[in-house]
Each structure stands twice: as structure tokens, then as C-alpha cells.
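Hello,

Here is the structure I promised to pass on.

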Amino acid sequence: MKNLVIIVFGKNEEILQTLKRIIESNQGWQAVIQQDLSTCKNYLSEYPGDILLLSSGLSTQEEAEITDYLAHLNHSIGLIKHYGGGSGLLKNEIYSLFPDLIPDK
Amino acid sequence: MNRQNFIKKGLLGSGIFAASAASARIMKNDIDEIEPLEALDANAVHYDSDQLESHSVLHKATSRGHANHGWLQSNHTFSFANYHNPERMHFGVLRVLNDDIVAAGRGFGLHPHDNMEIISIPLEGDLEHEDSMGNQAIIRKGDIQVMSAGTGIMHSEYNKNNDQAVKFLQIWVYPNQRNVAPRYDQITLDRSERHNKLQQILSPDPSDEGVWIHQDAWFHMGHFDHGISTNYNIKQAGNGVYIFVISGSINVEGQELETRDGFGIWDVSEIKLTATSADTEILLMDLNMILN
């Protein structure tokens, strides 16, 4: 499976840890947890990864600011506004960004 | 993107959350690119068969994704967990329609959710609920359970009984705003109020009949005798309707549906339903076709 670095930005610790566990149960996928806007920006500027996944607990302003910042960086990185908080939709959201990862494709 | 294209994209799998290359090389959700709905054609009350085909989608029961976890048998109308079908991603804001059977004494252990309106409808047996907000409850046939997951909620759902399976529908609807305060509710409805008519079980209005959610959606259930017809008027211009047949069979605007079939229709202001067998039970979901 393709190696993926997924930066998970959110505030709810239990959900962040759940997402990390689910992501890292896939061979080659790594989750980097970020809970602070400025720290997340700094990380993105140095290590953009493959996907920025917006988890829960962020304010509307934080979501907008990190999205704008990502555009400003001009990196080729997928942006996912995650819904559901667990395993139900996560893989489908990632597959929508990277259709080549869909099994048997 | 016009409304028709959005709906087609959704139905064909590249809808709300599909990747697209934006100008800044960021792949992002189409959610930010959706334009306002066009006004509903006032003349579009009913369709002939050709028009129906272009404004509807049929999901036969046998075409659903299936997961067998031993203790859990689940049929997925839309892509879920390890079932991924790009042509089955959502119908408007309806994202998940799981038809679950949980073995006696088994269940879903404590797990989190966020940013989703989650509705559970027991069909047989009893489901035992616990959550991080301190709620402990049992839901049975005739009850409707709703959770606004919002910023995050932990919950478990177990089969209360050790001698029979519990069957229930698990429905996820995208919320119209992210990160709302988590909320739990359940109600018991008088099932006789849905005999040969539609009974509202959910709406966006806390003061209206049934439970409520953060979305422009109205759910109804009906239990019909053979040959009984009823009309349903769409609640909000631009909404679509998704009908799931729990038991029996029904004709919707000329489309024959059997048990566990799903049928979505849009760009119409009224639909006619006629039960074509005895003991026909349906769930009708009137849904926003775009995410606010």
C-alpha cells in the first residue's frame, strides 16, 4: 500500500487517538497529531505530508485559517474535513482523494 | 456547479467529498464549490417514466455492500468502513444507511463519533445505549434514537438480550454545521399513528413532531395495507426523497420497490406511494441535497 503521512488536526484527544490508531493500522500510513493552530502551521511548512485531516473541536476560524494557510503554502496536499470520528467514513474519505488506493483497482 | 451536476456527481460517487485539483494545487472537497440551489420547477409534480429515470436512483437490496463480522451482519446502502463503492457515496446529506443485525448479547463497545447526526431505528429486539454524557437507555421497536455527535461523543450500543438478535437501522446525516454541542435523545412513538399513513419521526425543528437534528431533513415512517396509496409533499424546495422499504413492497411514482430496496428521487414536489403487498413498512427521508 502507498505510504501516506496524514496530519490530523483537532482538539478532542480521544478522537485524535482513535483516528491515529485506525490510520496506523494500515501498513505504510502514519498519523501526525496536531492540536494547536500555530504548531500545525509550522509543521505543515516543514513537513507537508500527504493529507491534512480536519478533525473535531476546531472553531470555524481555525478551520478557515488552516485551510487558507495550506493554500498559501502551495503544497500538493489533500484536505479532508473529516466527519464521523471513527472508522466508518475515514477510509472512504481517503480513497476519494487517492482512488488508486482502492483495493482491487 | 449546478444542482443537477452536483446530484449526479454525488450519485456517481464524486460528490461532496471527492478530490478536485484546486488552483493552489490543494486537493480539497467540493463542499466549498457548491452553488446555491436552483428554484424547484413548479410544474414538476410527477414524472413520466423517462423523466423519472433521470431524476431518481434505485438501490436494490441485493446490490448493497455486506459485512460479516460474526457478531454483526451489516448491509450498507452507501460506502462504509471497508465497503467502498464510488457510485454509492451518499444521497444528498444522507451518508450512511446501515441495516444491522447484532447477535444476542453482543454489540458495539465504547467508541467515538464526531460531526454527524446519527439516528438509530430498532426493527426487532432491544438495544442498550450508554454514552459519555451519562445517558443510559434501552431502545426498542417504536423508539427513535438520535445523537448529534458534534465536537465528540463516546458511546456503546449492545444487544440487551441474550436469546435473540437485535435488528436496527443506523442512519448518518451530515450536519448543517460542524462542531455543535453533543446531544442525545430518544422518543417512543405510537406505531398505530403510522397505519396506512405517514408518521413524522424526525425534523429540523425541536418543537415539531419526532426527534430533531441539525439538518434540513424530515423522516417519516408508514405501515400500509395492500393497495393503500398516499401522497407525500416535499417539505423544502430542492430537497430530495429517499425511500427505504423495511418490509413488503411499494410502488413509488411507477417504480416498484421490494423489501430493503432503496429509491431516491429529486426535482419533484410531490410523490405518490402505493403499497403492493400487505404489511408494507417504509422509511421516507426528505433530505437537503446539498451540504450547507
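In which loop does Arg260(B) lie? Arg260(B) sits in the loop between β21 and β22 (262–265) of chain B, where helices (H or I, at least four residues) and strands (E, at least two) are DSSP runs, numbered from the N terminus.

Before the rest, a word on the conventions. This is a predicted model, in which local features need pLDDT of at least 70 and side-chain atom pairs count only at pLDDT 80 or more, while totals for chains, interfaces and linings use all residues. Residues are numbered from 1 along each chain as its sequence is written, and chains are lettered from A and ligands numbered from 1 in the order in which they are written.

Most residues other than glycine have a negative phi. Arg260(B), not a glycine, has a positive phi of about 70 degrees. Arg260(B) is partly exposed, with 17 other C-beta atoms within 10 Å. For this term, a residue is buried if 20 or more other C-beta atoms lie within 10 Å of its own, exposed if 12 or fewer, and partly exposed in between, with C-beta atoms placed from the backbone.

Asp267(B) also has a positive phi, near 60 degrees, and its place is in the loop between β22 and β23 (270–275) of chain B. Is Asp267(B) buried or exposed? Asp267(B) counts as buried, with 20 C-beta neighbours inside 10 Å.

**The sheet with β18 and β21**

Chain B has an open sheet of 4 strands in the order β18-β23-β20-β21, with antiparallel pairing; two strands pair if DSSP finds at least two bridges between them. β18 (229–233) and β21 (255–257) of chain B stand at the edges with a single partner strand each, so one side of each is left without a neighbour in the sheet. On average, neighbouring strands here are turned by 25 degrees against each other, direction ignored. For such angles, axes are lines fitted to C-alpha atoms (for helices over the stretch in contact), and angles run from 0 to 180 degrees between N-to-C directions. Strand β20 (residues 250–252) of chain B is joined to β21(B) by 3 bridges and the two run antiparallel, with Ile250(B) opposite Leu257(B).

UniProt, in an unreviewed entry, lists residues 201–287 of chain B as "domain: Quercetin 2,3-dioxygenase C-terminal cupin". UniProt positions are given in the numbering used here, feature names are shortened, and annotations may be inferred rather than shown by experiment. The span 201–287 of chain B is 0% helix and 57% strand, and its end C-alpha atoms lie 14 Å apart.

**The sheet with β7 and β10**

A further open sheet of 4 strands in chain B has the order β7-β12-β9-β10, with antiparallel pairing. Its edge strands are β7 and β10 (136–140) of chain B, each pairing on one side only. Neighbouring strands of this sheet are turned by 20 degrees against each other on average, direction ignored. Between strand β9 (residues 126–131) of chain B and β10(B), which run antiparallel, there are 5 bridges; Glu130(B) has Gln136(B) as its bridge partner.

The unreviewed UniProt entry places "domain: Pirin N-terminal" at residues 64–173 of chain B. Over residues 64–173 of chain B, the chain is 0% helix and 59% strand, with the end C-alpha atoms 18 Å apart.

**Strand β11**

How many residues of β11 (residues 143–148) of chain B are buried? The count is 6 of its 6 residues. Asp143(B), Gln145(B) and Met147(B) cover one side, and Ile144(B), Val146(B) and Ser148(B) the other, all buried. Strand β8 (residues 117–124) of chain B is joined to β11(B) by 4 bridges, running antiparallel, and Ile118(B) has Met147(B) as its bridge partner. β11(B) is also joined by 6 bridges to strand β14 (residues 183–188) of chain B, again antiparallel, where Val146(B) stands opposite Asp185(B).

**Between the chains**

The contact takes 29 residues from chain B and 29 residues from chain A; two residues are in contact if their C-beta atoms, placed from the backbone, lie within 7 Å. On the side of chain B that touches chain A, β2 (27–28) and β7 (107–113) of chain B give two or more residues, and β7(B) gives the largest share, 3 residues.

Happy to talk any of this over.
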